[in-house]
Amino acid sequence: MTIATADTPRSTPNAGSLMQADAKTAKRNAREKRFRLYGLIAVCTGILMLVLLMISILTAGLSAFRQTTIEISVPLDAERLDPEGNRNPVEMASVTTFGYAPLLRDGLMQTIEAAGIETDLPEGDIADLISDESVAQLRATVLANPELVGQTVPVEVLASGRIDGFFKGRVTYETAELDSNISPEQLRLAEALEEAGLLRTGFNWRFITAPDASSTRPEAAGLGVAILGSFYMMLVVLVLSLPIGVAASIYLEEFAPQNRFTDLIEVNISNLAAVPSIVFGILGLAIFINFAGLPQSAPIVGGLVLTLMTLPTIIIATRAALKAVPPSIRDAALGIGASKMQAVFHHVLPLAMPGILTGTIIGLAQALGETAPLLLIGMVAFVREYPDAPWDGGLFDPATALPVQVYNFTQRSDPAFVERASGAIIVLLIFLLIMNLAAIFLRRKFERRW
Amino acid sequence: MSPLWLLVSIAVLALIGAVIGRRKAMASAGGDARELHSLPNYYGANVALLVTAPALLVLAAWMILQPMLIEGRVASIVPDAAYQDAGALNLLMADVRRVAGGLDLAVAQGALTAQEAHDAEATDLRARLAEIGVAVGSEVDTVILEAAQRYRVLDSRADLARTVVILILALAGFIFTVSRIDRTYRARNSVELAVLVLLIGASTIAILTTFGIVMSMLFETMNFFRQYPASEFFFSTTWDPSFSGRGGASELGILPLLWGTLYISLIALLVSVPIGLFAAIYLSEYADKRFRGFAKPLLEVLAGIPTIVYGLFALITVGPLLRDAIASPLGLGNSASSVMTAGLVMGIMLIPFVSSLSDDIINAVPQAMRDGSYGLGATQSETIRQVIVPAALPGIVGAILLAASRAIGETMIVVLGAGAAARIDVNPFEAMTTVTVKIVSQLTGDTDFSSPETLVAFALGLTLFVITLGLNVLALYIVRRYREQYE
Amino acid sequence: MNDMRFVERTVGNEEVKIAARGVHVYYGDTHAIKDVNIDIADKMVTAFIGPSGCGKSTFLRCINRMNDTIPIARIEGDIMIDGEDIYDRRVDPVQLRAKVGMVFQKPNPFPKSIYDNVAYGPKIHGLARNKAELDEIVETSLRRAALWDEVKDRLQAPGTGLSGGQQQRLCIARAVATSPEVLLMDEPCSALDPIATDQVENLIHELRERYSVVIVTHSMSQASRVSQRTAYFHLGEMVEYGETGDIFTNPRDQRTENYITGRIG
């Protein structure tokens, strides 16, 4: 349908009937559809990426929650473990793990023999089936129950990382051919043990409660210290950032006059919210550790750094919550002779509380996932000792944090640590999920329309 | 008296003060609270405040200043011959503190009597301290011991002075306020003033933090530039710190790091801006309520995921995938960590950032604009492309700048996804490194705050801070101007 | 129904441009327009008057299907333009709106230059084959909107920088540029000062020669100044429709009379 003729450039596009779309309009509508499609594709790409991310983490990490163990009957030779014969744990502690290692090995051999499994592997290779950590495990068990000495007790020990990987599908006969740490024969023996009911895979509580383990023992590595460290830091963040953030917001929203000082604070807050997190790490290192002399790797320092990072989030949320309380409430309180301070603390603040708490939880969730600044204040250190309780100075004991532990795992060469890192992320995400659900619940429950 | 006991005594005094203050106020009003200017509790709180506030402030200042002053005094008695440079003096003073602390501990545990500690000989001191669990770096020599004894004397004197001053202050506050209480005293106003001061104090923390950030980096950066020429740092194209071979000259040029940072950020923006913008347009202009209600929160979940998770995603999934599917077959490299890996993953992280900012900005375009365009017979996409987006452009540019600032300052994704090799290359499948990665690597592990290899991290941090601050200020300015336009 | 017969008699001898039959509009649960029947003549100015909230703007927005952009709006009945049902499934609202232009209550120039504001419509509808033609369209439209002389030296200046009256005339020029056949005006002068109002009213007089103009206004004096026909709306119903002079001097419905004499506001 031609529209413009040479003489008359102006002509209506719809000289014809409205009932027929002209060619131009059809083209435009096609373009409209395409444009709309691009938008849909963009949204779907975003969601797809989320799904991929989740699948990637879950497939890599869910197996961390299962652990292969081997049940061994260990003869606890009294001669070796308690030469004094007093069954006194203090005396028995002088026997180091080296004293226990042969017992464990003997136990393993006897167990295999008793199960009627034939193998021509040398003893050293058979012993490699169990984790190096299991000796320490055995020693700890014995020291806790000295009366076991002299008996032959069944002990559930961790299988080595490669064997564990075999039952999770990470290690196969093909990869074992190329791997100097494991041979197909060992895998065959492990399968025989499984058939004999001695080797099994179960839920891995140790992963959540045990401390980290050295880089050669991925099967023993746990998140206990990291979870505790993260918890301590959240405690510090909550105790410091909530009152400070609320106090600052009340001042800025309710009392601050419009002047340059107030402007300066406002500009600072909005900028701090966008400063890269690693810069806060440098601040923590320079001020809290080098200048104030606080210890490295301590939850108190991590908590202080994260407090400074969380404050802008909490202040912004709190101010929004305060702003949402209608002025009529303040007027009502002032009108019956309350002071401004009383109006704010008795009426405005309680009404704004749900919003403040929601913002605080979201701020805490952000802080919980923060990694970079903690690297700089020494939280990457290898920590095996649980920190003391907070009232015993535990905040000053070395600890790590969940996200930093993830980073730590990724820096180790054994591929089994990928599973541990992903598992740690699942734990982290579960915590974040709980916190966000709590925030959503609070918001729903107390949502108020004025 | 230890600080903890001081705090306890102040608290007890405050509590007594509160009770007495309340009583006295009630007594002055003849037991009738209506006669008082303020509620009785305000009188009590007023006393408690004046007991605690000055005492605590002075205590805090004292705790910070005392070690600094004493160290200065003690350091001055250490003969110059005992150390070569400032670093050595620091180590020496650390030993002095440890010996002094060890002696105190020994007395406290009863391993030594006060007199024995005072007369302790340098010879076997290390072993004796080790017995009670205090490890001293080197054998204790007379210089250290002498300094340590001096340290103990000064420290105990200062502790005593601190206790006396603080208690006097608290008592003075107690007596002063209690004496002023009568029926007409405006206790509420006084308490409220104190609370207001507290509120103001809390809100200045933002300024203090910024100040702390700038100062902490500025001093060390100046230290760095004293040891390493600034022109080299800013213009050298080589990054090659020599950590092991001390003395072997390090080359610490920032350019390769900036190149990696900007390259990765560029890829991240190329991914996130189109996807984020189109997603925002679709969600705000096309999607029906149900789709929006389901898709928007899902996209926002991406923003709530910690960056370490993205880092791991880059490390275990995206990196190997890109290497095996694209880089290796095309002969572009065989490294799993690469600019592309980090850029792509960072792009995913930034999608919700761009989309939620753009969403706000698009929604701020007045409906009248849309009506005007529809009224002329424009289709929805024509309206969006030719009216809404141009109208929202300043805001969108601001959002992109904010996203860029995020990308430049992002750490964990690049630490795990980009690699550690500083190089200037155009092949995006090569591993490169960024400013943030190098800050982490220079400041973790063994650090020596007198070597340029460690101090360079502060210069890098300051550069990063200045760049991101500039972008943020610019972006916030643009966005604010944009919002004012439609208000 | 007596009223309707009166309407048909007076309008019958002219060419009917827009015909509405049994139009109902619902916003969610609200019944905003109740059974409106009207014939609007070509090359004439028709004014819709009535108290605020009476549905006059809603009805106006039905004529170029602007209500389509409101998800909860639902329309029943037929509206014909040149005998074609504009709510027919085959009709593309985009094409319709090029034929039925609209000017809004508040001047809403795009944040672009004056030139681009006017050229926007012709561009999207592809009315010009080259720059010269586009220039011509822009100039003609600005002349028709009586704005050319004021802005011809600053066509690249932003449209938002003009005064209120100029902005509204720019919006009229913008609507005229797509060569519509009908021009809908939704209280075009309510945001303008008296001088600007006067300019726009004069313009409406001239526009009448080419277009069929429908204007919604809350000012009765304006309706009497610019229109030949007037329809009075009350609570979603069209109460009375006829020659403007008749409506104002001799209203036949009590509600119309109350409104005109100032008893309903």
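## Close-ups of the contacts in a three-chain model

**View 1. R61(C) and D371(B) form a salt bridge, with their closest N and O atoms 3.9 Å apart.** A salt bridge here is a side-chain nitrogen of Lys or Arg within 4 Å of a carboxyl oxygen of Asp or Glu. It's the one salt bridge that the rule finds across the interface of chain C and chain B. A quick note before going on: this is a predicted model, where local features need pLDDT of at least 70 and side-chain atom pairs count only at pLDDT 80 or more, while totals for chains, interfaces and linings use all residues. Residues are numbered from 1 along each chain as its sequence is written, chains are lettered from A and ligands numbered from 1 in the order in which they are written, and side-chain values use heavy atoms, leaving out hydrogens and water.

**View 2. Chain C meets chain B through 22 residues of its own and 17 of chain B's.** Contact means heavy atoms within 4.5 Å. About 1,600 Å² is buried between these two chains, with carbon and sulfur atoms giving 65%; buried area is the accessible area (1.4 Å probe) that two parts lose on being put together, summed over both. On the chain C side, look for P111(C), Y120(C) and I124(C): they lose the most area to chain B, together 31% of what that side buries.

View 3. The chain C side that touches chain B has 12 nonpolar, six polar and four charged residues. For this tally, Ala, Val, Leu, Ile, Met, Phe, Trp, Tyr, Cys and Pro are nonpolar, Asp, Glu, Lys and Arg are charged, and the others, Gly among them, are polar.

**View 4. The area buried between chain A and chain B is about 6,300 Å², and carbon and sulfur atoms give 79% of it.** F35(A), L53(A) and I282(A) lose the most area on the chain A side, together 10% of what that side buries.

**View 5. R28(A) and E382(B) join their side chains in a salt bridge, 2.8 Å from N to O.** Helix α1 (residues 23–61) of chain A brings the largest share of the side that touches chain B, 22 residues. Helices (H or I, at least four residues) and strands (E, at least two) are DSSP runs, numbered from the N terminus. That side of chain A divides into 53 nonpolar, 16 polar and four charged residues.

**View 6. Inside chain A, seven residues of domain 1 are in contact with six residues of domain 2.** The domains span 66–204 and 224–446, with bounds from an automatic or database domain assignment. Their centres, taken over C-alpha atoms, are 44 Å apart. About 450 Å² is buried between them, and carbon and sulfur atoms give 24%. E133(A), R162(A) and R170(A) supply 67% of the area that domain 1 buries against domain 2, more than any other three residues.

**View 7. R170(A) forms a salt bridge with E419(A), the closest N and O atoms being 2.7 Å apart.** Between the two domains of chain A the count is five salt bridges. The domain 1 side that touches domain 2 has no nonpolar, two polar and five charged residues.
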